[in-house]
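Colleague: I would like to learn how to read a structure like this one, feature by feature. Where do we begin?

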Amino acid sequence: ANPRTIVVILAGSPVSLEAYVNQVQGVMQAWFPGMEGGHALAALLAGDVSPSGKLPVTLPKLLADVPSANNFPGNEKEVIYAEGLMLGYRHYDTKEVEPRFPFGHGLSYTSFEYSNLSLARRGKEAEVSFEIKNSGLRKGAEVAQVYVAPPKSKLPRPMQELKSFGKYVLEPGQSQKVTLRLNERAFQYWNSAKQGWTADPGSYRIRVGSSSRDIRLSGDLKLP
């Protein structure tokens with residue numbers, strides 16, 4: 001009825017948005033905010049505070065796109081969890097399924113720029129350094145995310161996995177150098193044949209961005 005409608009979602013899991021998502025001015029995921037949620041929501045919608053949350057789940061375009069679509073609710077008393085490792089964003093990224101809103105997504109009333117990526121090995125660990133700048137006109141917070149894409153493996157692996165992140169509050173025009181550390185486990189996977197954690201040698205793609213589908217910087221890090 002009104003094209004300037006804003007939809008607020010009060011739900012604890014991904015929901016289908018297809019009935020209205022292309023007909024409204026905006027969508028805000030509020031989860032279950034509690035008794036002070038109304039005041040917080042009013043402050044966000046009125047612009048008193050800039051939103052800075054990021055989706056910890058993927059919102060699909062279609063319910064048929066979710067990883068468990070072919071397996072749930074199962075037959076009679078049996079449910080087969082055939083997704084394996086491909087849960088959440090791992091499924092969407094590896095299978096090249098376009099989500100409605102990707103894992104890690106979240107808009108703000110300001111904007112952020114990423115630059116000057118630097119990768120360094122520290123023994124079996126690594127450091128990922130880069131700069132974030134608030135390029136907008138409002139104070140805001142950005143959640144920078146580091147994903148690791150492994151080399152080809154004999155075993156099935158997700159295309160990329162979130163391995164580190166940090167949240168940074170910046171004034172308009174302010175820049176900050178960020179250093180996030182990747183421990184040894186960030187490059188490993190569970191090898192059931194060896195019954196232990198394994199890291200394949202080769203070139204790992206380090207991907208830094210604002211969401212799993214909004215990668216701003218990338219570089220390669222080699223493991224012996």
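This is a predicted model: local features need pLDDT of at least 70, side-chain atom pairs count only at pLDDT 80 or more; totals for chains, interfaces and linings use all residues.

Colleague: Is T198 buried or exposed?

Modeller: The general idea is to compare the relative accessible area with a cut-off, and buried means under 20%. T198 has a relative accessible area of 13%, so the residue is buried.

Colleague: Which residues does T198 touch, not counting those up to four places away in sequence?

Modeller: The list is F187, Q188, Y189 and N191.

Colleague: What about G202?

Modeller: G202 is found in strand β10. With a relative accessible area of 24%, G202 is partly exposed, because that class lies between the 20% and 50% cut-offs. Setting aside residues up to four places away in sequence, G202 touches P151, L221, K222 and L223.

Colleague: Where does P150 lie, and which residues is P150 in contact with?

Modeller: P150 lies in the loop between β5 (140–149) and β6 (161–170). Leaving aside neighbours within four places in sequence, its contacts are R157, P158, M159, S203 and Y204.

Colleague: Let us step back to the whole chain. How many helices and strands are there in the protein?

Modeller: The protein has two helices and 11 strands. Along the sequence the order is β-β-α-α-β-β-β-β-β-β-β-β-β.

Colleague: How should I read the contacts by sequence separation?

Modeller: Take the contacts with a separation of 6 or more, and ask what share joins residues 24 or more positions apart. In the protein that share is 62%.

Colleague: What does the C-alpha trace span, and what percentage of the residues count as buried?

Modeller: Along its principal axes the trace spans about 60 × 55 × 30 Å. Of the 224 residues, 38% count as buried. The protein exposes about 13400 Å², of which carbon and sulfur atoms supply 53%.

Colleague: Which residues form a nonpolar patch on the surface?

Modeller: F72, V79 and Y81 do, with about 380 Å² of accessible area together. V79 is placed in the loop between α1 (37–46) and α2 (89–94), and its relative accessible area of 32% makes it partly exposed.

Colleague: Next, charges. How many positive and negative side chains does the protein have?

Modeller: There are 27 positive and 21 negative side chains, and the centres of the two sets lie 5 Å apart.

Colleague: How many salt bridges does a search of the whole structure find?

Modeller: The search finds 12 salt bridges. R213 and E98 meet in one, at 3.3 Å from N to O. This pair links distant parts of the chain, 115 residues apart: R213 is in the loop between β10 (202–211) and β11 (214–223), and E98 in the loop between α2 and β3 (112–122). R213 is partly exposed at 34% relative accessibility, and E98 is partly exposed at 48%.

Colleague: What does the salt bridge between R181 and E127 look like?

Modeller: Their side chains meet at 3.3 Å, N to O. R181 lies in strand β7 (residues 175–182) and E127 in strand β4 (residues 125–134), so the pair ties together parts that are 54 residues apart in sequence. At 55% relative accessibility R181 counts as exposed, whereas E127, at 16%, counts as buried.

Colleague: Which residue forms a salt bridge with D220?

Modeller: The partner is R205, and the closest N and O atoms are 2.9 Å apart. D220 lies in strand β11 and R205 in strand β10, so this pair ties together parts 15 residues apart in sequence. D220 has a relative accessible area of 47% and is partly exposed, and R205 is partly exposed at 34%.

Methods
Residues are numbered from 1 along each chain as its sequence is written. Side-chain values use heavy atoms; hydrogens and water are left out. Helices (H or I, at least four residues) and strands (E, at least two) are DSSP runs, numbered from the N terminus. Buried means under 20% relative accessible area, exposed over 50%, partly exposed in between (1.4 Å probe, protein chains only). Contact means heavy atoms within 4.5 Å. Accessible areas come from the Shrake-Rupley method with a 1.4 Å probe; for residues, only the protein chains shown count as cover. Lys and Arg count as positive and Asp and Glu as negative; His and the chain ends are not counted. The place of a charge is taken as NZ of Lys, CZ of Arg, CG of Asp or CD of Glu. Patches are made of residues with over 30% relative accessible area and no salt bridge: like charges are joined within 9 Å, nonpolar side chains (Val, Leu, Ile, Met, Phe, Trp, Tyr) within 5 Å. A salt bridge is a side-chain nitrogen of Lys or Arg within 4 Å of a carboxyl oxygen of Asp or Glu.
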